[in-house]
Amino acid sequence: MQIYLPIAEVSVNLYVLLGIGGGVGLLSGIFGVGGGFLITPLLLFIGVPPGVAVATGANQVVAASVSGLMVHIRRRTVDFKMGTVMLVGGFLGSNLGIYIFELMKRAGQTELFVQFSYVFFMGIIGLMMFQESFRAIRRARNPALAAGANRQRSRHSWVQRWPMKMKFRTSGLYISVIPPFAIGLMVGVLSATMGVGGGFIIVPAMIYILGMNTRVVVGTSLFQIIFVTAYSVMAHAIANQSVDMALAVLLIVGGVVGAQIGTVIGFRLKAEQLRILLALLVLAVAVKIGLDLVLKPADLYSIRSVNHP
Amino acid sequence: MIRLLTLLALLAFGAPALAQSPEKIVAGLSNNQIAITASFNGSDILVFGAVKRDAPIPEGKPLQVIITLEGPPNPVAVSRKGHVWGIWINTQTVRLNAAPAFYAVATSGPLSDVLSHTDDLRYKITIPQAIEDIGTAHQAADAPAFVDALVRIRQAEGLYVVDQNAVTVEQSTLFHADLKLPANLIEGIYKARIFITRDGKVIAEHQSDVLVRKIGLERWLYRLAQDQPPVYGLLSLVIAIAAGWLASAVFRLVKR
């Protein structure tokens with residue numbers, strides 16, 4: 001069954017949209033990532049114009065994240081204090097990111113810039129996570145290696161020496177507010193320039209840089225993603241009129257259901273397994289976009305309407 | 001004197017041949033309005049008509065009919081990727097001032113038989129003629145390749161269509177054709193033109209408009225997004241948050 005999208009001005013299959021929403025929602029529930037880095041390329045693939053794909057993807061991420069967050073709030077696995085500190089940095093960062101994006105637009109290479117950012121950040125983060133979680137799984141299987149693991153944990157302590165310390169009871173931390181603020185800022189910049197919520201960066205950053213309790217990482221990440229992406233939806237709606245509400249509703253219907261199921265699956269999996277799967281997913285997207293840059297495209301030419309989002 | 005000469009020259013050469021043509025087109029469309037609803041999945045327009053003449057059918061080759069349907073023109077950028085430092089990036093872009101969002105040509109015979117090149121240039125009938133490529137030559141040395149690419153990509157998407165032999169002509173007088181419109185139409189005024197030709201020369205032209213517009217919920221959402229962006233943005237967010245909360249509440253009930 002086909003459906004005509006009022007803002008995107010294309011006709012797409014209803015079940016394909018529900019499927020995309022459901023699949024991405026499932027992953028977002030499992031891993032605590034918004035799924036923006038998956039939904040935007042998928043929408044582009046089915047023929048939605050780029051501007052509409054980014055803006056509407058962000059709207060779907062809001063819904064999936066709210067749905068996931070509710071489960072985490074009930075299980076008390078959200079550190080609101082930590083999330084708020086990151087959010088303050090995040091808002092500053094996204095304004096900075098919008099400014100950088102504008103500069104790139106003037107240089108005429110936005111597409112290349114976005115692709116490079118994806119490959120670079122997702123490649124590095126994916127590799128780091130994969131390596132770490134692979135080691136963690138090996139340690140779990142082989143207790144002899146566990147001794148070395150404890151020594152490694154103490155490496156996070158440099159964060160604790162910074163000033164302006166604050167107690168984050170839910171995360172089990174007493175650290176300076178500067179590192180979470182800086183992480184929020186960086187993620188804000190990336191989310192505005194790459195059109196993603198930033199979950200795939202914030203989750204590993206909370207684990208490896210801040211040393212947060214892994215149980216609260218996913219919920220806290222969802223909490224911060226909701227506000228950053230909501231801000232981005234408003235910015236796109238006002239500046240470009242590129243949010244397609246009909247498309248968003250269909251993605252959301254699939255997405256919220258998927259996110260509920262995903263959250264339940266996420267609680268059943270072990271933390272290391274969760275991280276290695278997320279690492280593989282992030283790496284897969286990075287490799288795909290990297291290959292698009294390196295391999296000769298099937299068609300050297302591409303067209304875009306100048307006044308259409 | 002000079003003015004008089006110019007006037008004479010205009011009368012002799014400038015005035016289109018159509019004016020004196022004894023054959024005229026009387027035509028109609030099955031619908032002058034196409035409504036885009038949420039379930040819009042393409043549409044058909046039946047173009048039909050007859051040739052009205054004061055004199056008997058002239059001798060010579062049979063009469064041919066060409067029908068074009070042209071969507072609203074939009075500026076388009078065509079980019080070409082090049083191999084730079086091991087990666088493929090857009091190296092050259094050509095901007096076209098106006099390319100129709102949709103363009104269909106239906107004919108009663110092979111295009112090369114029914115239309116001469118001079119009349120194609122004059123009436124801008126075939127797809128390449130419909131694309132405004134003035135001012136592209138200085139943007140790239142091989143600007144025509146970019147125009148060709150645009151036509152090729154839009155043909156693959158079903159937005160540019162050439163359908164030879166799609167027009168049925170009966171006894172050199174009655175004609176009809178079924179034009180198919182794809183599902184990914186954009187709003188605007190679509191121009192339908194009908195030409196009758198003989199020996200590749202256009203002898204009469206007829207034009208009418210088809211209005212393509214969104215209706216109902218589609219129109220309401222589109223207008224809200226354009227006219228009240230902050231309200232539209234907030235509404236999108238409220239829907240997203242409510243849906244997320246609702247799903248979580250429903251699942252909680254189901255699990256009990």
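**Two domains, two chains**

Let me start with a distance: the centres of domain 1 and domain 2 of chain B, taken over C-alpha atoms, are 41 Å apart. Before I go on, keep in mind that this is a predicted model. The domain assignment puts domain 1 of chain B at 14-214 and domain 2 at 216-256. How many residues does each domain of chain B put into the contact between them? Domain 1 of chain B gives 4 residues and domain 2 of chain B gives 5. On the domain 1 side, that's 2 nonpolar, 1 polar and 1 charged.

Now the contact between the chains. Chain B brings 47 residues to it and chain A brings 45. If you colour the chain B side by element, you'll find at least two residues each from strand S5 (73-84), strand S6 (87-100), helix H5 (143-156), helix H6 (216-227) and helix H7 (229-255). Which of these elements supplies the largest share? H7(B) does, with 15 residues. By residue class, the chain B side splits into 30 nonpolar, 12 polar and 5 charged.

**Strands across the chains**

Here's a part I'd zoom in on. Strand S5 of chain A, residues 301-305, is joined to S5(B) by 5 bridges, and the two run antiparallel. Then go to A:Ser305, which stands opposite B:Val76.

S5(B) also has a partner within chain B. It is joined to S6(B) by 11 bridges, again antiparallel. B:Arg80 turns up here too, standing opposite B:Gln92 in S6(B). S5(B) and S6(B) make a hairpin with 2 residues between them, and B:Trp85 in the turn has a positive phi of about 50°.

One pair to click on is S4 (residues 64-70) and S11 (residues 188-198) of chain B, which are antiparallel over 7 bridges. Within that pair, B:Thr68 stands opposite B:Arg193 in S11(B).

**Two loop residues with positive phi**

B:Lys124 has a phi near 50°, and it lies in the loop between helix H3 (117-123) and helix H4 (127-130). Is B:Lys124 buried, exposed or partly exposed? It counts as partly exposed, because it has 16 C-beta neighbours inside 10 Å, and buried would take 20 or more.

B:Gln171 has a phi near 50° as well. You'll find B:Gln171 in the loop between strand S9 (168-170) and strand S10 (174-181) of chain B. With 11 C-beta neighbours inside 10 Å, B:Gln171 counts as exposed.

**Over to chain A**

Chain A has 309 residues, 52% of them buried, and its secondary structure comes to 11 helices and 5 strands. Of the contacts in chain A with a separation of 6 or more, 80% are between residues 24 or more positions apart.

A:Val12 is one residue to look at here. It sits in strand S2 (residues 11-13) of chain A, and it counts as buried because it has 21 C-beta neighbours inside 10 Å. Leaving out residues up to four places away in sequence, A:Val12 touches A:Gln2, A:Ile3, A:Leu5, A:Leu17, A:Ile46 and A:Gly47. The C-alpha atom of A:Val12 is also 9.4 Å from that of A:Leu247, 235 residues apart along the chain.

Last stop is helix H3 of chain A, residues 50-74. Its 25 residues should span 36 Å at 1.5 Å a residue, and the end C-alpha atoms are 37 Å apart, so the two agree. H3(A) is mostly covered, with 22 of its 25 residues buried. After H3(A) comes A:Arg76, with a positive phi near 55°.

Technical notes: Residues numbered from 1 in each chain as written. Chains lettered and ligands numbered in written order. Predicted model: local features only at pLDDT ≥ 70, side-chain atom pairs only at ≥ 80, totals over all residues. Contact = placed C-beta atoms within 7 Å. Helix = DSSP H or I, 4+ residues; strand = E, 2+ residues; numbered from the N terminus. Nonpolar A, V, L, I, M, F, W, Y, C, P; charged D, E, K, R; others polar. Pairing = 2+ DSSP bridges. Expected span 1.5 Å × (residues − 1). Buried ≥ 20, exposed ≤ 12 C-beta atoms within 10 Å, placed from the backbone. Domains from an automatic or database assignment.
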